[in-house]
Amino acid sequence: SGKENLMHKNELEKLDYRKNLIADKNNPILIQKAWRDFYSGGSSYGNSLVGKAYLGVEHGEDALTWNVFRSLQLHGPKGLRVIEKTFGLDTIEGLLFWGCDVESGSNSQQWLNATIRYIDGGIKGPVTEPDMVIITKSQVVFVECKLKRHDLTSPWKASSDGSKHRYRRYIDTFGYTSLDDLGSWKNVYQLIRNYVYACELAAELDKSPQVIPLIREEDIPFWEPFYIELQSREPSIFNQIYSWQDFMPHLSNDRFKVTKQKLENTLAASF
């Protein structure tokens, strides 16, 4: 009769990440993100975290990104206005979640995909998915979303062996000379990549580039020192550091009650 089924329905239900989401829970892009496992390094299936997706973890930054930005997008112009006011942007034309335009499938997702493959293709290491790209009337804004602070090291540091090759390639091949001799480049490597992609995509779309680091308010004093040197090289592109708490004043309207509550709960769970 075949092997005994080791999983029970209630176990499958425990691993359903959708209960951690407040908007568009069945969007196919979430299944793609949910391949990322939260728990690794153990073999005990008695551990309730085995098989759990990062999207199902209350303090996960991917879930927070989706819960805040996608729920606001689904509110239409009034929701997009919250994002515009929080970051000081002009009229939003589209959002890309991890490189995907889940709302309208615009050409910008293809240009972004091709841009990243062209710039980083052929060098070993993971091809990155920008957390959030906001396309406005005049700007291409890359938002690097971080949440939990594990230690005092930089949240944007390089993690792959190919990082040095890419860093030099950005300067020597693509002409981003303002990045040259950046003493702390390893500590801001993820932001450097966002900068290069933002500049390239902005040129393609005839807009101006911007990069926004988004972190918890209480982490700004710890992480801002890593950012200052990079920011001084391109101050018009590297914006101030914004915090998740910056959304709060713009979520006071009742229509945003669920989004505000989820944001508050996630921030509380992130300690």
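Is Thr266 buried or exposed? Thr266 is buried, with a relative accessible area of 1%; buried means under 20% relative accessible area, exposed over 50%, and partly exposed in between (1.4 Å probe, protein chains only). This is a predicted model in which local features need pLDDT of at least 70 and side-chain atom pairs count only at pLDDT 80 or more, while totals for chains, interfaces and linings use all residues. Residues are numbered from 1 along each chain as its sequence is written, and side-chain values use heavy atoms, with hydrogens and water left out.

**Sheet**

- Five strands form an open sheet of mixed pairing, in the order E1-E2-E3-E4-E5; helices (H or I, at least four residues) and strands (E, at least two) are DSSP runs, numbered from the N terminus.
- E1 and E5 stand at the edges with a single partner strand each, so one side of each has no neighbour in the sheet; two strands pair if DSSP finds at least two bridges between them.
- E1 and E2 are antiparallel and pair over five bridges, with Leu96 opposite Val133 in E2.
- E2 and E3 also run antiparallel, joined by four bridges, and Met132 has Val143 in E3 as its bridge partner.
- The hairpin formed by E2 and E3 has two residues between the strands.
- E3 and E4 run parallel and are joined by seven bridges; Cys145 is bridged to Leu214 in E4.
- E4 and E5 run parallel with two bridges, and Leu214 has Tyr242 in E5 as its bridge partner.

**Burial of the strands**

- Five of the six residues of E1 are buried.
- In E3, seven of its seven residues are buried.
- In a regular strand the side chains alternate between the two faces of the sheet.
- Both faces of E3 are covered, with Gln139, Val141, Val143 and Cys145 buried on one side and Val140, Phe142 and Glu144 buried on the other.

**Helix H4 on the sheet**

- H4 packs on the sheet and touches E1, E2, E3, E4 and E5; the direction of H4 makes about 90 degrees with that of E1.
- Axes are lines fitted to C-alpha atoms, for helices over the stretch in contact, and angles run from 0 to 180 degrees between N-to-C directions.
- The buried residues of H4 are Gly79, Leu80, Val82, Ile83, Glu84, Thr86 and Phe87.
- These buried residues pack against H3, E1, E2, E3, E4 and strand E5 (242–243), where contact means heavy atoms within 4.5 Å.

**Nonpolar cores**

- The largest nonpolar core has 38 residues, of which Phe69, Ile83, Phe87, Ile134, Trp244 and Phe247 touch the most other members.
- A nonpolar core is a set of buried Ala, Val, Leu, Ile, Met, Phe, Trp, Tyr and Cys residues joined through side-chain atoms within 4.5 Å.
- Elements giving two or more residues to this core include helix H2 (28–33), helix H3 (61–74), helix H4 (77–87), strand E1 (92–97) and helix H9 (257–269).
- H3 supplies the largest share of this core, six residues.
- Ile83 is in contact with Phe69, Leu72, Ile92, Leu95, Ile134 and Phe247, leaving aside neighbours within four places in sequence.
- Another core, of 37 residues, lies apart from it and has Ile119, Trp185, Phe226 and Phe238 among its members.

- Thr266 lies in helix H9.
- Beyond neighbours within four places in sequence, Thr266 is in contact with Glu58, His59, Leu64 and Leu147.
- Phe226 lies in helix H8 (residues 220–233).
- Phe226 and Trp156 are 70 residues apart along the chain, and their C-alpha atoms are separated by 8.8 Å.
- Beyond neighbours within four places in sequence, the contacts of Phe226 are Leu152, Thr153, Ser154, Trp156, Ser184, Asn187 and Val188.

**Helices H5 and H6**

- The axes of helix H5 (residues 107–120) and helix H6 (residues 163–172) come within 10 Å and cross at roughly 100 degrees.
- Tyr118, Ile119 and Asp120 in H5 meet Arg166, Arg169 and Tyr170 in H6.
- By class, this contact has three nonpolar, no polar and three charged residues.
- Ala, Val, Leu, Ile, Met, Phe, Trp, Tyr, Cys and Pro count as nonpolar, Asp, Glu, Lys and Arg as charged, and the others, Gly among them, as polar.
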